[in-house]
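I opened this notebook to record what I looked up in the structure shown below.

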Amino acid sequence: MKSYILNVPSSQKADDWFSFIRESLKHIKGKSQLTVNFNDVRFMDTDDFVVLACLIESFYINGANIEFIGGTERFNNHLFNIKFKEYWKKGFDRNKFTLSFNRSTLCLWKISEKMIYSYSMYARQYFERFVKNKDLIPLASNMDEIFNNIFDHSRSPVTGYIITQYYPKNDKLSFSVCDFGIGIPTSIKEAGLEKESGFEDWKAILKSLEKGFSINSTPRNRGFGLNNILEFTESSNGKLFIISNNGVVEKKAGEMYHAGSNDFNFSGTLIKIEVDLNTFEEKDNTDQIFDF
Amino acid sequence: MKTLILKNIVKNSSSNEQGMVLFDSLQNAYLSKDSLILYVDSDLSMSSSFLNSSIGLFLDKYGLDSFKKTVKFKGSKNQYSRLSDYINKYSTLYPV
(Lines give C-alpha, C1' and ligand atoms only; values in the text may rest on other atoms or scores of the structure.)
Protein backbone atom coordinates (compact mmCIF):
# COMPACT_ATOMS: atom_id res chain seq x y z
CA MET A 1 0.00 0.00 0.00
CA LYS A 2 1.55 3.27 -1.09
CA SER A 3 0.75 6.09 1.25
CA TYR A 4 1.54 9.76 1.51
CA ILE A 5 1.30 12.25 4.34
CA LEU A 6 0.18 15.81 3.74
CA ASN A 7 1.66 17.96 6.45
CA VAL A 8 -0.65 20.96 6.47
CA PRO A 9 1.21 24.21 7.13
CA SER A 10 0.30 26.03 10.32
CA SER A 11 1.57 29.20 8.69
CA GLN A 12 -0.77 31.70 7.06
CA LYS A 13 1.85 32.76 4.51
CA ALA A 14 0.90 32.31 0.85
CA ASP A 15 4.49 31.33 0.03
CA ASP A 16 4.31 28.41 2.44
CA TRP A 17 0.92 27.26 1.19
CA PHE A 18 1.72 27.34 -2.51
CA SER A 19 5.07 25.66 -1.94
CA PHE A 20 3.15 22.96 -0.01
CA ILE A 21 0.63 22.58 -2.86
CA ARG A 22 3.31 22.46 -5.55
CA GLU A 23 5.38 19.84 -3.71
CA SER A 24 2.38 17.70 -2.75
CA LEU A 25 0.99 17.54 -6.28
CA LYS A 26 4.15 15.72 -7.36
CA HIS A 27 2.93 12.72 -5.34
CA ILE A 28 -0.71 12.27 -6.33
CA LYS A 29 -0.24 9.27 -8.61
CA GLY A 30 -0.39 5.70 -7.35
CA LYS A 31 -1.24 6.40 -3.71
CA SER A 32 -3.85 4.24 -2.06
CA GLN A 33 -3.73 6.10 1.23
CA LEU A 34 -3.47 9.81 2.02
CA THR A 35 -3.05 11.01 5.57
CA VAL A 36 -3.84 14.67 6.08
CA ASN A 37 -1.91 15.75 9.15
CA PHE A 38 -3.05 19.05 10.64
CA ASN A 39 -0.15 18.93 13.10
CA ASP A 40 -0.54 21.97 15.36
CA VAL A 41 -2.81 23.95 13.03
CA ARG A 42 -5.04 26.27 15.04
CA PHE A 43 -6.64 28.33 12.29
CA MET A 44 -7.18 28.28 8.56
CA ASP A 45 -8.72 31.02 6.46
CA THR A 46 -11.46 30.26 3.89
CA ASP A 47 -8.93 30.35 1.05
CA ASP A 48 -6.69 27.85 2.86
CA PHE A 49 -9.65 25.49 3.21
CA VAL A 50 -10.60 25.51 -0.47
CA VAL A 51 -6.98 25.16 -1.63
CA LEU A 52 -6.49 22.22 0.73
CA ALA A 53 -9.79 20.67 -0.38
CA CYS A 54 -8.66 20.79 -4.03
CA LEU A 55 -5.36 19.21 -3.05
CA ILE A 56 -7.01 16.38 -1.13
CA GLU A 57 -9.44 15.90 -4.03
CA SER A 58 -6.47 15.51 -6.38
CA PHE A 59 -5.32 12.48 -4.39
CA TYR A 60 -8.88 11.19 -3.98
CA ILE A 61 -9.67 11.13 -7.71
CA ASN A 62 -6.42 9.25 -8.23
CA GLY A 63 -7.65 6.47 -5.95
CA ALA A 64 -6.41 7.37 -2.47
CA ASN A 65 -8.43 6.79 0.69
CA ILE A 66 -8.31 9.85 2.91
CA GLU A 67 -7.74 10.00 6.65
CA PHE A 68 -7.18 12.97 8.95
CA ILE A 69 -4.98 13.30 12.00
CA GLY A 70 -3.64 16.13 14.18
CA GLY A 71 -4.85 19.68 14.71
CA THR A 72 -5.84 21.30 17.95
CA GLU A 73 -9.12 20.30 19.61
CA ARG A 74 -10.68 23.66 18.85
CA PHE A 75 -9.60 23.49 15.23
CA ASN A 76 -11.03 19.99 14.90
CA ASN A 77 -14.32 21.27 16.30
CA HIS A 78 -14.34 23.84 13.54
CA LEU A 79 -13.59 21.16 10.92
CA PHE A 80 -16.49 19.17 12.32
CA ASN A 81 -18.82 22.17 12.26
CA ILE A 82 -18.15 22.96 8.63
CA LYS A 83 -18.09 19.22 7.76
CA PHE A 84 -14.71 19.56 6.11
CA LYS A 85 -13.80 15.89 6.51
CA GLU A 86 -17.13 14.54 5.28
CA TYR A 87 -16.40 14.92 1.59
CA TRP A 88 -13.92 12.08 1.49
CA LYS A 89 -15.83 9.67 3.72
CA LYS A 90 -17.36 6.59 2.19
CA GLY A 91 -21.10 6.99 1.75
CA PHE A 92 -21.09 10.78 1.74
CA ASP A 93 -23.56 12.03 -0.87
CA ARG A 94 -21.58 14.47 -3.00
CA ASN A 95 -24.70 15.39 -4.90
CA LYS A 96 -26.01 17.34 -1.95
CA PHE A 97 -24.68 20.18 0.10
CA THR A 98 -25.39 20.06 3.77
CA LEU A 99 -25.97 22.51 6.54
CA SER A 100 -23.05 23.55 8.66
CA PHE A 101 -23.20 23.25 12.44
CA ASN A 102 -21.79 26.76 12.49
CA ARG A 103 -24.60 29.20 11.68
CA SER A 104 -22.39 31.75 9.97
CA THR A 105 -20.63 29.36 7.58
CA LEU A 106 -21.92 27.44 4.61
CA CYS A 107 -20.23 24.07 4.41
CA LEU A 108 -17.42 23.26 2.11
CA TRP A 109 -19.01 22.44 -1.24
CA LYS A 110 -17.51 20.70 -4.26
CA ILE A 111 -18.79 22.66 -7.20
CA SER A 112 -21.04 20.54 -9.36
CA GLU A 113 -22.24 21.88 -12.70
CA LYS A 114 -25.74 20.53 -12.19
CA MET A 115 -26.11 22.19 -8.82
CA ILE A 116 -24.64 25.62 -9.48
CA TYR A 117 -27.96 27.38 -9.40
CA SER A 118 -29.34 25.56 -6.39
CA TYR A 119 -26.20 26.32 -4.34
CA SER A 120 -26.15 30.02 -5.17
CA MET A 121 -29.87 30.41 -4.53
CA TYR A 122 -29.52 28.54 -1.27
CA ALA A 123 -26.62 30.79 -0.23
CA ARG A 124 -28.71 33.87 -1.01
CA GLN A 125 -31.67 32.65 1.02
CA TYR A 126 -29.46 31.46 3.86
CA PHE A 127 -27.62 34.76 4.32
CA GLU A 128 -30.70 36.94 3.75
CA ARG A 129 -31.82 35.71 7.15
CA PHE A 130 -28.96 37.63 8.76
CA VAL A 131 -29.54 40.97 7.08
CA LYS A 132 -32.88 42.64 7.40
CA ASN A 133 -34.69 43.11 4.10
CA LYS A 134 -31.58 43.12 1.91
CA ASP A 135 -31.76 41.80 -1.63
CA LEU A 136 -28.83 39.39 -2.01
CA ILE A 137 -29.59 38.43 -5.63
CA PRO A 138 -26.22 39.91 -6.73
CA LEU A 139 -24.46 37.53 -4.34
CA ALA A 140 -26.09 34.55 -6.06
CA SER A 141 -25.52 35.77 -9.59
CA ASN A 142 -21.84 36.52 -8.91
CA MET A 143 -21.29 33.10 -7.38
CA ASP A 144 -22.78 31.70 -10.59
CA GLU A 145 -20.29 33.75 -12.62
CA ILE A 146 -17.34 32.15 -10.84
CA PHE A 147 -18.82 28.65 -11.03
CA ASN A 148 -19.61 29.01 -14.74
CA ASN A 149 -16.06 30.25 -15.37
CA ILE A 150 -14.66 27.08 -13.84
CA PHE A 151 -16.66 24.91 -16.22
CA ASP A 152 -16.20 27.16 -19.25
CA HIS A 153 -12.48 27.84 -18.99
CA SER A 154 -10.49 26.10 -16.26
CA ARG A 155 -10.38 22.42 -17.29
CA SER A 156 -9.87 21.69 -13.60
CA PRO A 157 -9.70 17.95 -12.87
CA VAL A 158 -11.14 18.52 -9.40
CA THR A 159 -13.75 21.08 -10.57
CA GLY A 160 -13.47 23.36 -7.55
CA TYR A 161 -14.42 24.04 -3.95
CA ILE A 162 -16.11 26.95 -2.19
CA ILE A 163 -16.62 28.03 1.38
CA THR A 164 -18.79 30.99 2.32
CA GLN A 165 -18.44 32.77 5.64
CA TYR A 166 -20.53 35.52 7.20
CA TYR A 167 -19.11 37.84 9.87
CA PRO A 168 -22.02 39.06 12.03
CA LYS A 169 -20.04 41.78 13.78
CA ASN A 170 -19.71 43.89 10.65
CA ASP A 171 -22.19 42.25 8.26
CA LYS A 172 -19.39 41.27 5.92
CA LEU A 173 -19.49 38.10 3.89
CA SER A 174 -16.62 36.41 2.16
CA PHE A 175 -16.35 33.43 -0.09
CA SER A 176 -13.32 31.68 -1.45
CA VAL A 177 -13.35 29.53 -4.56
CA CYS A 178 -10.45 27.45 -5.82
CA ASP A 179 -9.87 25.26 -8.84
CA PHE A 180 -6.79 23.36 -9.98
CA GLY A 181 -7.25 24.13 -13.67
CA ILE A 182 -4.89 25.73 -16.14
CA GLY A 183 -5.25 29.22 -14.66
CA ILE A 184 -6.40 32.51 -16.14
CA PRO A 185 -3.01 33.56 -17.60
CA THR A 186 -2.52 30.19 -19.29
CA SER A 187 -6.04 30.36 -20.75
CA ILE A 188 -5.26 33.74 -22.27
CA LYS A 189 -1.89 32.61 -23.59
CA GLU A 190 -3.38 29.45 -25.10
CA ALA A 191 -6.01 31.55 -26.85
CA GLY A 192 -3.20 33.66 -28.32
CA LEU A 193 -4.66 36.83 -26.87
CA GLU A 194 -1.64 38.23 -25.08
CA LYS A 195 -0.66 41.46 -26.74
CA GLU A 196 3.05 41.36 -26.01
CA SER A 197 5.72 38.74 -25.56
CA GLY A 198 6.58 38.09 -21.94
CA PHE A 199 3.04 39.05 -20.95
CA GLU A 200 3.17 38.77 -17.19
CA ASP A 201 0.54 36.72 -15.39
CA TRP A 202 -0.76 39.58 -13.27
CA LYS A 203 -1.38 41.57 -16.45
CA ALA A 204 -3.36 38.65 -17.83
CA ILE A 205 -5.51 38.60 -14.69
CA LEU A 206 -6.12 42.34 -15.02
CA LYS A 207 -7.02 41.80 -18.67
CA SER A 208 -9.55 39.15 -17.71
CA LEU A 209 -11.33 41.70 -15.52
CA GLU A 210 -11.97 44.07 -18.42
CA LYS A 211 -15.54 44.33 -19.63
CA GLY A 212 -15.94 42.51 -22.93
CA PHE A 213 -12.66 40.61 -22.76
CA SER A 214 -13.20 36.90 -23.41
CA ILE A 215 -11.17 33.97 -24.64
CA ASN A 216 -14.42 32.58 -26.11
CA SER A 217 -14.07 29.06 -24.72
CA THR A 218 -17.77 28.63 -25.45
CA PRO A 219 -19.73 30.30 -28.25
CA ARG A 220 -21.75 32.61 -26.02
CA ASN A 221 -18.90 33.94 -23.85
CA ARG A 222 -19.06 37.71 -24.02
CA GLY A 223 -16.60 38.83 -21.37
CA PHE A 224 -18.96 39.89 -18.62
CA GLY A 225 -18.31 37.28 -15.93
CA LEU A 226 -15.19 38.50 -14.15
CA ASN A 227 -16.03 42.13 -14.88
CA ASN A 228 -19.36 41.60 -13.12
CA ILE A 229 -17.46 40.27 -10.13
CA LEU A 230 -15.19 43.30 -10.12
CA GLU A 231 -18.19 45.66 -10.31
CA PHE A 232 -19.90 43.63 -7.60
CA THR A 233 -17.03 44.10 -5.16
CA GLU A 234 -16.76 47.79 -6.08
CA SER A 235 -20.46 48.47 -5.51
CA SER A 236 -20.54 46.57 -2.24
CA ASN A 237 -17.54 48.23 -0.66
CA GLY A 238 -15.74 44.95 -0.94
CA LYS A 239 -12.51 43.35 -1.90
CA LEU A 240 -11.46 41.07 -4.75
CA PHE A 241 -8.39 38.90 -4.50
CA ILE A 242 -7.17 36.60 -7.29
CA ILE A 243 -4.14 34.34 -7.46
CA SER A 244 -3.62 32.41 -10.69
CA ASN A 245 -0.43 30.86 -12.04
CA ASN A 246 2.30 33.37 -11.13
CA GLY A 247 0.09 36.41 -10.83
CA VAL A 248 -1.74 38.08 -7.99
CA VAL A 249 -4.28 40.89 -8.13
CA GLU A 250 -5.99 42.58 -5.24
CA LYS A 251 -8.59 45.30 -5.58
CA LYS A 252 -10.29 47.05 -2.73
CA ALA A 253 -13.35 49.12 -3.57
CA GLY A 254 -12.41 52.69 -4.36
CA GLU A 255 -8.68 52.01 -4.29
CA MET A 256 -6.00 51.30 -6.90
CA TYR A 257 -5.14 47.78 -7.94
CA HIS A 258 -2.34 45.97 -6.16
CA ALA A 259 -0.95 43.49 -8.64
CA GLY A 260 2.29 41.68 -9.17
CA SER A 261 4.22 38.53 -9.86
CA ASN A 262 5.03 35.67 -7.54
CA ASP A 263 6.80 32.36 -8.00
CA PHE A 264 3.92 30.16 -6.84
CA ASN A 265 3.69 28.25 -10.16
CA PHE A 266 0.10 27.65 -9.15
CA SER A 267 -1.79 25.58 -11.69
CA GLY A 268 -5.23 26.88 -10.87
CA THR A 269 -7.13 29.91 -9.72
CA LEU A 270 -8.00 31.07 -6.24
CA ILE A 271 -10.57 33.83 -5.91
CA LYS A 272 -11.58 35.42 -2.65
CA ILE A 273 -14.38 37.94 -2.48
CA GLU A 274 -15.43 40.02 0.47
CA VAL A 275 -18.53 42.21 0.45
CA ASP A 276 -20.37 44.42 2.90
CA LEU A 277 -23.98 43.25 3.05
CA ASN A 278 -25.11 46.66 4.33
CA THR A 279 -24.44 48.09 0.88
CA PHE A 280 -26.94 45.82 -0.87
CA GLU A 281 -30.25 47.19 -2.18
CA GLU A 282 -33.37 46.86 -0.08
CA LYS A 283 -35.67 44.06 -1.16
CA ASP A 284 -38.29 45.12 -3.62
CA ASN A 285 -41.18 42.77 -4.24
CA THR A 286 -43.41 45.18 -6.10
CA ASP A 287 -44.42 44.29 -9.63
CA GLN A 288 -44.28 47.05 -12.19
CA ILE A 289 -44.22 47.07 -15.97
CA PHE A 290 -41.28 48.80 -17.66
CA ASP A 291 -40.27 49.43 -21.24
CA PHE A 292 -36.69 48.65 -22.14
CA MET B 1 -50.17 40.77 -24.95
CA LYS B 2 -48.87 37.46 -23.66
CA THR B 3 -47.06 37.31 -20.32
CA LEU B 4 -44.06 35.00 -20.21
CA ILE B 5 -43.29 33.96 -16.63
CA LEU B 6 -39.58 33.27 -16.67
CA LYS B 7 -39.47 30.78 -13.80
CA ASN B 8 -42.18 28.69 -15.48
CA ILE B 9 -40.21 28.16 -18.67
CA VAL B 10 -36.64 27.65 -17.42
CA LYS B 11 -35.17 25.21 -14.92
CA ASN B 12 -32.60 27.77 -13.83
CA SER B 13 -31.40 31.19 -14.86
CA SER B 14 -27.70 30.39 -14.69
CA SER B 15 -26.82 28.20 -17.65
CA ASN B 16 -26.41 28.78 -21.38
CA GLU B 17 -28.80 25.90 -22.08
CA GLN B 18 -31.64 27.49 -20.16
CA GLY B 19 -30.82 30.85 -21.73
CA MET B 20 -31.51 29.23 -25.09
CA VAL B 21 -34.96 28.26 -23.83
CA LEU B 22 -35.75 31.89 -23.14
CA PHE B 23 -34.23 32.92 -26.45
CA ASP B 24 -36.56 30.53 -28.30
CA SER B 25 -39.59 32.14 -26.68
CA LEU B 26 -38.37 35.66 -27.46
CA GLN B 27 -37.56 34.70 -31.03
CA ASN B 28 -40.96 33.05 -31.54
CA ALA B 29 -42.71 36.18 -30.37
CA TYR B 30 -40.59 38.38 -32.64
CA LEU B 31 -41.03 36.18 -35.72
CA SER B 32 -44.79 36.03 -35.07
CA LYS B 33 -44.80 39.82 -34.79
CA ASP B 34 -46.17 39.48 -31.26
CA SER B 35 -45.02 41.35 -28.23
CA LEU B 36 -44.75 39.91 -24.77
CA ILE B 37 -44.32 40.85 -21.15
CA LEU B 38 -41.39 39.08 -19.56
CA TYR B 39 -42.18 38.51 -15.89
CA VAL B 40 -39.09 38.06 -13.74
CA ASP B 41 -39.62 37.09 -10.10
CA SER B 42 -37.73 39.12 -7.56
CA ASP B 43 -35.92 36.02 -6.26
CA LEU B 44 -34.37 34.93 -9.57
CA SER B 45 -30.68 35.56 -10.13
CA MET B 46 -29.55 35.69 -13.73
CA SER B 47 -25.96 34.96 -14.70
CA SER B 48 -24.22 36.50 -17.68
CA SER B 49 -24.10 33.06 -19.34
CA PHE B 50 -27.88 32.83 -19.15
CA LEU B 51 -28.36 36.38 -20.40
CA ASN B 52 -25.81 36.02 -23.21
CA SER B 53 -27.64 32.97 -24.54
CA SER B 54 -31.06 34.56 -24.32
CA ILE B 55 -31.28 38.33 -24.55
CA GLY B 56 -27.72 38.75 -25.88
CA LEU B 57 -28.37 36.32 -28.70
CA PHE B 58 -31.62 38.08 -29.54
CA LEU B 59 -29.78 41.41 -29.68
CA ASP B 60 -27.13 39.87 -31.98
CA LYS B 61 -29.73 38.48 -34.36
CA TYR B 62 -32.45 41.10 -34.39
CA GLY B 63 -31.06 44.23 -32.76
CA LEU B 64 -31.99 46.45 -29.84
CA ASP B 65 -34.94 48.17 -31.52
CA SER B 66 -36.60 44.83 -32.27
CA PHE B 67 -36.04 43.77 -28.68
CA LYS B 68 -37.63 46.95 -27.35
CA LYS B 69 -40.62 46.49 -29.65
CA THR B 70 -41.04 42.83 -28.71
CA VAL B 71 -40.38 42.72 -24.97
CA LYS B 72 -41.68 44.62 -21.99
CA PHE B 73 -40.58 43.86 -18.45
CA LYS B 74 -42.71 43.05 -15.44
CA GLY B 75 -41.26 42.67 -11.97
CA SER B 76 -39.38 44.61 -9.33
CA LYS B 77 -37.40 47.74 -10.01
CA ASN B 78 -34.23 46.00 -8.80
CA GLN B 79 -34.64 43.23 -11.35
CA TYR B 80 -35.51 45.70 -14.09
CA SER B 81 -32.36 47.71 -13.30
CA ARG B 82 -30.19 44.60 -13.55
CA LEU B 83 -31.63 43.55 -16.89
CA SER B 84 -31.59 47.06 -18.24
CA ASP B 85 -27.96 47.46 -17.19
CA TYR B 86 -27.06 44.22 -18.96
CA ILE B 87 -28.82 45.31 -22.16
CA ASN B 88 -27.08 48.70 -22.12
CA LYS B 89 -23.67 47.09 -21.61
CA TYR B 90 -24.29 44.46 -24.25
CA SER B 91 -25.59 46.80 -26.91
CA THR B 92 -22.69 49.21 -26.29
CA LEU B 93 -20.06 46.47 -26.55
CA TYR B 94 -21.70 44.50 -29.34
CA PRO B 95 -23.68 46.92 -31.50
CA VAL B 96 -25.56 45.30 -34.36
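**Entry 1**

I began with one facing pair: A:Ser3 stands opposite A:Gln33 in β2(A). The model is predicted, and local features need pLDDT of at least 70, side-chain atom pairs count only at pLDDT 80 or more, while totals for chains, interfaces and linings use all residues. Residues are numbered from 1 along each chain as its sequence is written, and chains are lettered from A and ligands numbered from 1 in the order in which they are written.

I noted how the elements are named: helices (H or I, at least four residues) and strands (E, at least two) are DSSP runs, numbered from the N terminus. Two strands pair if DSSP finds at least two bridges between them. I found 5 bridges joining β1(A) to strand β2 (residues 33-37) of chain A, and the two run parallel. They belong to an open sheet of 3 strands in the order β1-β2-β3 (chain A), with parallel pairing. β1 (3-7) and β3 (65-69) of chain A stand at the edges, each with a single partner strand, so one side of each has no neighbour in the sheet. The twist averages 20° from one strand to the next; for such angles, axes are lines fitted to C-alpha atoms, for helices over the stretch in contact, and angles run from 0 to 180 degrees between N-to-C directions.

**Entry 1: the antiparallel sheet of chain A**

I then traced an open sheet of 5 strands, ordered β4-β5-β6-β8-β7 (chain A), in which the pairing is antiparallel. Its edges are β4 (105-110) and β7 (239-252) of chain A; each has a single partner strand, so one side of each is left without a neighbour in the sheet. Here the twist averages 15° from one strand to the next.

I checked two of the pairings. Strand β5 (residues 160-167) and strand β6 (residues 172-179) of chain A pair in the antiparallel sense over 8 bridges, and A:Tyr161 stands opposite A:Cys178 in β6(A). β7(A) and β8(A) pair in the antiparallel sense over 12 bridges, with A:Ile242 opposite A:Ile271 in β8(A). The hairpin of β7(A) and β8(A) has 4 residues between the strands, and A:Gly254 there takes a positive phi near 80°.

I also asked which strands of chain A helix α7 (residues 201-208) lies across. They are β7 and β8 (257-276) of chain A, and α7(A) runs at about 50° to β7(A).

A residue is buried if 20 or more other C-beta atoms lie within 10 Å of its own, exposed if 12 or fewer, and partly exposed in between, with C-beta atoms placed from the backbone. In α5(A), 17 of the 18 residues are buried, so the helix is largely enclosed by the rest of the structure. A:Arg155 follows α5(A) and has a positive phi, near 55°.

I found that 8 of the 11 residues of α8(A) are buried, so α8(A) too is largely enclosed by the rest of the structure. Among them are A:Leu226, A:Ile229 and A:Phe232. What covers the buried residues of α8(A) includes α5, α7, β7 and β8 of chain A together with α3 (48-70) of chain B. Just after α8(A), A:Asn237 takes a positive phi of about 50°.

**Entry 2: where the chains meet**

I counted residues in contact (C-beta atoms, placed from the backbone, within 7 Å). Chain A contributes 30 residues and chain B 29 residues. On the side of chain A that touches chain B, α5(A) gives the most, with 6 residues. I also noted 4 bridges that join β9(A) to strand β3 (residues 71-75) of chain B, the two running antiparallel. In β3(B), B:Phe73 is the bridge partner of A:Phe290.

**Entry 3: chain B**

Finally, I recorded 4 helices and 3 strands in chain B, in the pattern β-α-α-β-α-β-α along the sequence. Of its 96 residues, 41% count as buried.

Notes:
Contact = placed C-beta atoms within 7 Å.
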